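Me: I have a model open and want to go through it with you. Can you take my questions as they come?

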Amino acid sequence: MASTSKGPNKAKDMKNITVKDISFSYQTSDNPILDKVNLEAEEGDFVCLLGQSGCGKSTFLRLLAGLETPTSGQIEIGGKPIEGPSLDRSMVFQDYGLFPWMTNGANIMLALQQKFPEKKKADWRLRAQEALREVGLADDVFDKYPRELSGGMQQRCAIARSFSIDPPILLMDEPFGALDAVTRARLQDMVIKLWSHQEPKKTVFFVTHDVEEALLLATRIIVFGQKPSHVIFTQKIPLAAKTNRENLYANPDTVALRSELIDFINRDVAERIDETGGAG
């Protein structure tokens, strides 16, 4: 389909992400974790990386963040290879990643200071307070320490920190995996709201092993197989066709995709068991 853009350099300006034949193994190990991973994501996609625990999803996210370097292959953002960490890519970890000796407000202000060094301390403080409100936290959370908050509130602070610096790319590594079901559902809805209300939308890579979570969040689902991992399934979901919590188990298309995803994952596990004769 021909582009309708009038600007001659529009395609070059897009922050599309292209992964070309990425392989990775640690120097201390002969066992590869990723093997020739190829995938693409468009600017503004909400990508869920789905697969069994231990299949290399978090490792792949660290490669996107620039915290690890591929053994071979290349990751490009807007046509340029990743050359290390960048404030254009913010990461939310499962363990929150907040410095315990700093207040929650100071944790957010530290990120703002790195991203906007030209701003004044008062500006960082105002933006940090605004970010906490955006994730539904009261003003008094600013002066509290992470240990004074529940796990769900700490994760809200971590998400507020990432959104506060307004990165075009947000990387989330099983951020709700340690939370109870109710808190998890609330934070899923919060992230969907934050992402959907922004223009331009951030490109999100979200690691999960939960099929229902992927169906709720994603505009693109990518399934990783067992180690050494590669992409075994990919599905783009148009924004207009995204499901919600109310019709997750009622919409025929969503139900069919859920069954297909579970089938792909289980079949991959069964094939690996057959190959190894049941060895771990």
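Me: How many bridges join β1 to β4, and which way do the two run?


Reply: Five bridges join β1 to β4, and the two run antiparallel. This is a predicted model, where local features need pLDDT of at least 70, side-chain atom pairs count only at pLDDT 80 or more, and totals for chains, interfaces and linings use all residues. Residues are numbered from 1 along each chain as its sequence is written, and side-chain values use heavy atoms, without hydrogens and water.

Me: What counts as a strand, and as a pair?

Reply: Strands (E, at least two residues) and helices (H or I, at least four) are DSSP runs, numbered from the N terminus. Two strands pair if DSSP finds at least two bridges between them.

Me: What is the bridge partner of V19 in β4?

Reply: I75 is the bridge partner of V19.

Me: And how many bridges are there between β1 and β2?

Reply: Five, in the antiparallel sense. Within β2, E40 stands opposite T18.

Me: In what order do the strands of the open sheet come?

Reply: The order is β2-β1-β4-β5, four strands with antiparallel pairing. β2 (34-41) and β5 (80-81) are the edge strands, each pairing on one side only.

Me: What about β4 and β5, how many bridges there?

Reply: Two bridges, antiparallel, with β4 covering residues 72-77. I77 faces K80 of β5.

Me: Is β1 mostly covered or mostly open?

Reply: Mostly covered. Strand β1 (residues 17-24) has six of its eight residues buried. Buried means under 20% relative accessible area, exposed over 50%, and partly exposed in between, with a 1.4 Å probe and protein chains only.

Me: Which residues lie nearest its centre?

Reply: L87, R89, S90, M91 and Q114, out of 18 lining residues. The elements giving two or more residues to the lining are β6 (89-92), α3 (104-115) and α5 (151-164). The largest share, four residues, comes from α3.

Me: How does the lining divide by residue type?

Reply: Ten nonpolar, six polar and two charged. Ala, Val, Leu, Ile, Met, Phe, Trp, Tyr, Cys and Pro count as nonpolar, Asp, Glu, Lys and Arg as charged, and the others, Gly among them, as polar.

Me: How many salt bridges does the structure hold?

Reply: 16. Each is a side-chain nitrogen of Lys or Arg within 4 Å of a carboxyl oxygen of Asp or Glu.

Me: Which residues are linked with K236 in a network?

Reply: E42, D45 and R220 are linked with K236 by salt bridges. K236 and E42 meet at 4.0 Å, N to O. K236 is in strand β10 (residues 231-236), and E42 is in the loop between β2 and β3 (46-50), 194 residues apart.

Me: And how far apart are the closest N and O atoms of K236 and D45?

Reply: 3.5 Å. D45 lies in the loop between β2 and β3, so its pair with K236 of β10 ties together parts 191 residues apart in sequence.

Me: Is D45 buried or exposed?

Reply: D45 is buried, at 4% relative accessibility. K236 is partly exposed, at 40%.

Methods: 1 Å grid on protein atoms, 1.4 Å probe; cavity = no way out; pocket = protein on both sides within 12 Å on 5 of 7 lines; lining within 4 Å.
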